[in-house]
Amino acid sequence: MNLPLVYIGFAQALFTALIFFLKKPLKIADVIIAFWLIAISSLFALNIFQEINQVNEEMWFFSLGISITFPPFLFLYSKYVTADRDKFKRTDLLHALPLILLVHLILIFSNSQAIDSDLNISNSVQLLWLRNYYGFFYLLILIGYGILSLIQVIRYKKQIKNNYSFRSDMISLNWLLVVVVSFIVFQTSIVILSSLYESKVISYNVDFIQNGILLGYVYVMGIWGYRQSQLTSDIKPVKLNQQIENKTEDSGKYLKSGLKNEKGKQYTEELVQFMNRSEAWKDNELSVAKLSVMTGIPKHYITQTLNEYLNKNFYVFVNEYRVEFAKKLLLDSKYDAWSMIAIAYECGFNSKTAFNIFFKKHTGTTPSDFKKEKKN
């Protein structure tokens with residue numbers, strides 16, 4: 001074991017967790033990631049204790065008990081960062097069951113060791129069998145929660161254009177997608193390599209690799225997780241006794257929605273009038289959540305109204321206003337000295353690239369070519 005690396009990991013994980021607890025505004029997702037970092041620091045602390053006291057074999061179940069909390073933490077963070085949830089659901093405490101089950105199994109099989117010893121089964125054989133058994137259990141938890149985390153992030157990414165009028169690293173969650181995939185791959189590899197080491201198939205102990213990977217996650221979650229803000233989406237579970245919007249992927253229809261046809265037409269008119277009157281689209285970080293506060297129309301009804309009555313998502317709805325305003329500026333001689341990026345920002349786009357891409361998609365030509373064609 002590389003002790004300096006473990007000390008660094010322990011200090012960094014604990015310090016980063018403290019930074020998250022001090023974050024303002026503090027969201028549930030921030031608290032979850034902070035507790036995950038505390039769990040990682042606990043694993044580093046256990047490694048330090050083992051190294052100082054020269055105890056290895058006796059402490060493996062503590063190490064596994066800490067590690068088995070990582071996949072649920074990853075899933076819960078993915079769940080709470082991708083939707084507006086003000087309170088932690090008590091039912092999510094059930095995700096502590098893998099740890100409880102592991103402790104229960106350890107107690108059962110620890111007692112069975114005494115029986116096995118009466119049958120002259122060596123301690124080393126018992127230990128190897130138990131570690132492989134629990135390693136397989138951890139692998140199942142890892143893959144299961146990894147898949148659930150992937151589903152959560154992918155479902156959110158499919159809804160981005162229904163909730164945001166801009167593109168940014170802070171809403172794409174690409175970093176979290178990389179973390180989820182790499183976490184599944186690396187941790188699976190570590191479990192397999194550890195099993196091979198215990199079986200004497202390989203002679204290299206993977207503790208150094210595991211500690212290095214965990215330290216890497218501490219830095220990634222510390223930097224990207226701290227920058228990450230609470231996101232908006234409509235992927236909350238649907239309850240039968242609630243009339244909320246639920247769009248099926250196959251039919252594209254909204255089921256169990258409380259939005260009547262007359263109300264939908266009213267919301268459509270209100271949205272169009274508000275956008276024309278307020279020029280809210282000039283906000284380069286306009287989201288459906290912001291527009292909901294401005295208009296008083298519930299978020300899920302804005303999404304449904306745009307999809308069903310205007311046949312467009314929120315991203316297209318807002319950026320069409322921006323492009324139409326950009327066309328006026330491009331043809332106005334007062335703005336001839338303005339650069340394309342200045343015009344883009346003035347219209348509400350957050351980058352020249354986003355401006356060019358959507359302008360061409362909407363008009364069939366680039367902003368520069370549009371200006372040349374119309375002015376010649």
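I started with helix H16, on the face turned away from its buried side. Thr 353 and Lys 361 are the exposed residues carried there. I note that this is a predicted model.

**Entry 1: the rest of H16**

I looked up the buried residues of H16. They are Ala 354, Phe 355, Phe 358 and Phe 359. Seen down the axis of H16, these residues fall within an arc of 120 degrees, so they line one face of the helix. I then asked what they pack against. The partners are H14, H15 and helix H17 (367-375).

I checked the length of H16 too. H16 has twelve residues. From its first C-alpha to its last, H16 reaches 16 Å, close to the 16 Å expected at 1.5 Å a residue. Just after H16 comes Gly 364, with a positive phi of about 90 degrees.

**Entry 2: His 362**

Is His 362 buried, exposed or partly exposed? Its relative accessible area is 31%. Buried would need under 20% and exposed over 50%, so His 362 is partly exposed.

I listed what His 362 touches, leaving out residues up to four places away in sequence. The list is Glu 320, Val 323 and Glu 324. I followed up on Glu 320. In sequence, His 362 and Glu 320 are 42 residues apart. In space, their C-alpha atoms are 7.4 Å apart.

**Entry 3: H14 against H16**

I looked at how H14 meets H16. Their axes come within 10 Å and cross at roughly 90 degrees. That makes H14 roughly perpendicular to H16. On the H16 side, the contact is made by Phe 355, Phe 358, Phe 359, His 362 and Thr 363. On the H14 side, the residues include Tyr 315, Val 316, Asn 319, Glu 320 and Val 323. Phe 355, Phe 358 and Phe 359 were also among the buried residues of H16.

**Entry 4: H14 against H15**

At what angle do H14 and H15 cross? I found roughly 135 degrees, with the axes coming within 9 Å. That makes H14 oblique to H15. The crossing is right-handed. H14 contributes Arg 322, Phe 325, Ala 326, Leu 329 and Leu 330 to the contact. H15 contributes Met 340, Ile 343, Glu 346 and Cys 347. I saw Ala 326 and Leu 330 of H14 listed in the contact with H16 as well.

**Entry 5: H12**

I moved back along the chain to helix H12 (residues 288-295). Its buried residues include Val 288, Leu 291 and Ser 292. They cover an arc of only 105 degrees around the axis, which puts them on the same side of H12. What covers them includes helix H7 (160-163), helix H11 (261-278), helix H13 (299-309) and H14. Just after H12, Gly 296 has a positive phi of about 80 degrees.

**Entry 6: H1**

Then I went to helix H1 (residues 3-21). How many Å should its 19 residues span? At 1.5 Å a residue the answer is 27 Å, and the end C-alpha atoms are 27 Å apart, which agrees.

The buried residues of H1 are Leu 5, Val 6, Gly 9, Ala 13, Thr 16, Ala 17 and Phe 20. They cover an arc of only 105 degrees around the axis, which puts them on the same side of H1. Their cover includes helix H2 (28-53) and helix H10 (207-227).

I kept one rule in mind here. Most residues other than glycine have a negative phi, and most peptide bonds are trans.

I found a cis peptide bond from Lys 24 to Pro 25, with omega near -5 degrees. Pro 25 is in the loop between H1 and H2.

Glu 279 has a phi near 55 degrees. Glu 279 sits in the loop between H11 and H12. With 33% relative accessibility, Glu 279 counts as partly exposed. Asn 311 has a positive phi of about 55 degrees. Asn 311 is in the loop between H13 and H14. At 67% relative accessibility, Asn 311 counts as exposed.

**Entry 7: the whole protein**

I ended with the totals. The protein has 17 helices and two strands. Of its 376 residues, 44% count as buried.

Technical notes. Residues are numbered from 1 along each chain as its sequence is written. This is a predicted model: local features need pLDDT of at least 70, side-chain atom pairs count only at pLDDT 80 or more; totals for chains, interfaces and linings use all residues. Side-chain values use heavy atoms; hydrogens and water are left out. Helices (H or I, at least four residues) and strands (E, at least two) are DSSP runs, numbered from the N terminus. The expected span of a helix is 1.5 Å times one less than its number of residues. Buried means under 20% relative accessible area, exposed over 50%, partly exposed in between (1.4 Å probe, protein chains only). The arc is that of the directions from the helix axis to the C-beta atoms. Contact means heavy atoms within 4.5 Å. Axes are lines fitted to C-alpha atoms, for helices over the stretch in contact, and angles run from 0 to 180 degrees between N-to-C directions. Angles under 35 degrees count as roughly parallel, over 145 as roughly antiparallel, 65 to 115 as roughly perpendicular and the rest as oblique. A crossing is left-handed if the near helix is turned anticlockwise from the far one by less than a right angle, and right-handed if clockwise.
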